[in-house]
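Welcome! Please take a moment to look over the chain below, and then let us walk through it together.

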Amino acid sequence: MQLKVIFAGILVSIIFGFSFLFTKNALDYVSPLTFLSYRFCIAFLFFMILLVSGVIKLGKKPYWKLFALILFQPVLYFIFETYGVQRINSSEAGMIIALIPVVVNVLAAFMLKEKGDLFHYILVGAGFLGVVLIIGFDLSKGTLLGKIFMFFAVLSGALYSIYSRKFSKQFSPEEITFFMMMTGAIFFTLMSIMKGEFEIQFNIQTISSGIYLGILSSAGAFFLLNYMINKASPIVTTLFSNLTTVISVIAGIAFRNEMVGLQQILGMLLIIFSLLVTTIRRQKVSPSG
């Protein structure tokens, strides 16, 4: 089962790693809310096809309890992430997302009552230093706002990881993912219409991004992510966001000619180092974790 979790984590990281690139491409043509509507409508339609064909099944359960989880993701997370990616390059967005495991470690100490020793918090501090290096000192209005949005996305993603473990004991991965996609489709479509932004675009960038993010990144990757959370702790599952970061940087450089400085690379390495050491130490203390 551990190998299945690792394989799922690698697939999730690859899919999410390219998601920043596809989001950036689509936002060249449509507004953030409109694209989120495209993305989740495609994902929800895909899940409806699976439901009608009998590939997935929904039991009779109190799904209203998922509201707290769905509020953090997809609603808050994707609002902040999409507006953030609109203002900064996809490589930088991917690197900031690497902060999620660091925040999960901090929140776990308070919300899950997990205590660490001095060295543990030194490693967490190293992760924060890495984020400071990634963000740099470009405080121009557009760039700063984009980074602030990404930080709120990080916080939303971390809270989702913490709470999702609790809900995974009552709901299956397909049930959680189905209601995430349904909520995203309804919420973002209504928001886009209310703001007068909704429009239909048929250019190749928007269509390809909608299909990739709707089917692979939203439906597929979130199903795998919810499966991982069902089988392992949130601290373990969020570690794969480091691989997501590396892939997003490579994709940004290769396909959008984005530049990444030595300072940002050093920051990313600091985050990865701190999390790898933290994981190794946790495994020694609790091999079954």
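## A walk through the model

I193 is a residue of helix 8, which covers residues 173-194. The model you are looking at is a predicted one. I193 also belongs to a nonpolar patch on the surface, together with F198, I200, F202, I207 and I211. The accessible area of this patch comes to about 600 Å².

**The overall picture**

Stepping back, the protein chain has 12 helices and 0 strands. Reading along the sequence gives the pattern α-α-α-α-α-α-α-α-α-α-α-α. The chain holds 289 residues, and 54% of them count as buried. Its accessible surface is about 13400 Å², with 73% of that belonging to carbon and sulfur atoms. Among contacts with a separation of 6 or more, 90% are between residues 24 or more positions apart.

**Inside the fold**

Which residues touch the most other members of the largest nonpolar core? They are L66, M150, Y160 and F222, in a core of 71 residues. The elements that give two or more residues to this core are helix 1 (2-26), helix 2 (32-52), helix 3 (67-87), helix 4 (90-97), helix 5 (100-111), helix 7 (141-167), helix 8 and helix 9 (204-231). Another core lies apart from it and has 5 residues, among them V249, V260, M268 and I272.

Not counting residues up to four places away in sequence, M150 touches F20, F80, E81, G84, V85, I88, A93, I96 and I97. F20 counts as buried because its relative accessibility is 3%, under the 20% cut-off. Beyond its neighbours within four places in sequence, F20 is in contact with E81, V85, S90, A93, G94, I97, M150, T244 and S248. The C-alpha atoms of F20 and V85 are 7.1 Å apart, although the two residues are 65 residues apart in sequence.

K24 is found in helix 1 too. Is K24 buried or exposed? K24 is buried, with a relative accessible area of 12%. Leaving out residues up to four places away in sequence, K24 touches V85, Q86, R87, I88, N89 and R256.

**Rings that meet**

A search of the whole structure turns up 18 aromatic pairs. One of them joins Y63 and F171 in a tilted arrangement, with 5.6 Å from centre to centre and 35° between the planes. Y63 lies in the loop between helix 2 and helix 3, and F171 in the loop between helix 7 and helix 8, so this pair ties together parts that are 108 residues apart in sequence. Y63 and F171 are buried. Another pair, Y77 and F78, is edge-to-face, at 5.0 Å centre to centre and 85° between the planes. Y77 and F78 are buried as well. Ring pairs also link Y77 and F78 into a cluster with F16, F40, F187, F188 and F222.

**Charged partners**

How many salt bridges does a search of the whole structure find? It finds 2 salt bridges, and the table sets them out.

| Salt bridge | N to O distance |
|---|---|
| K61 and E175 | 2.8 Å |
| K195 and E197 | 3.6 Å |

K61 is partly exposed, at 31% relative accessibility, whereas E175 is buried, at 3%. In the other pair, E197 is partly exposed at 22% relative accessibility, and K195 is partly exposed with a relative accessible area of 48%.

**Two last stops**

Q201 is in the loop between helix 8 and helix 9. With 25% relative accessibility, Q201 counts as partly exposed. Apart from its neighbours within four places in sequence, Q201 is in contact with Y29, V30, Y38, T206 and I207. Q201 and Y38 are 163 residues apart along the chain, while their C-alpha atoms are separated by 9.8 Å.

Finally, have a look at P74, which lies in helix 3. The peptide bond from Q73 to P74 is cis, with omega near 25°. For background, most peptide bonds are trans.

How values were computed: Residues numbered from 1 in each chain as written. Predicted model: local features only at pLDDT ≥ 70, side-chain atom pairs only at ≥ 80, totals over all residues. Heavy atoms only, no water. Patch = residues over 30% accessible without salt bridge, like charges linked within 9 Å, V, L, I, M, F, W, Y side chains within 5 Å. Areas by Shrake-Rupley, 256 points an atom, 1.4 Å probe, with all protein chains shown as cover. Salt bridge = Lys/Arg side-chain N within 4 Å of Asp/Glu carboxyl O. Helix = DSSP H or I, 4+ residues; strand = E, 2+ residues; numbered from the N terminus. Core = buried A, V, L, I, M, F, W, Y, C linked by side-chain atoms within 4.5 Å. Buried < 20%, exposed > 50% of the residue type's maximum accessible area, 1.4 Å probe, protein only. Contact = heavy atoms within 4.5 Å. Phe/Tyr/Trp six-rings, centres within 6.5 Å; stacked < 30°, edge-to-face > 60°.
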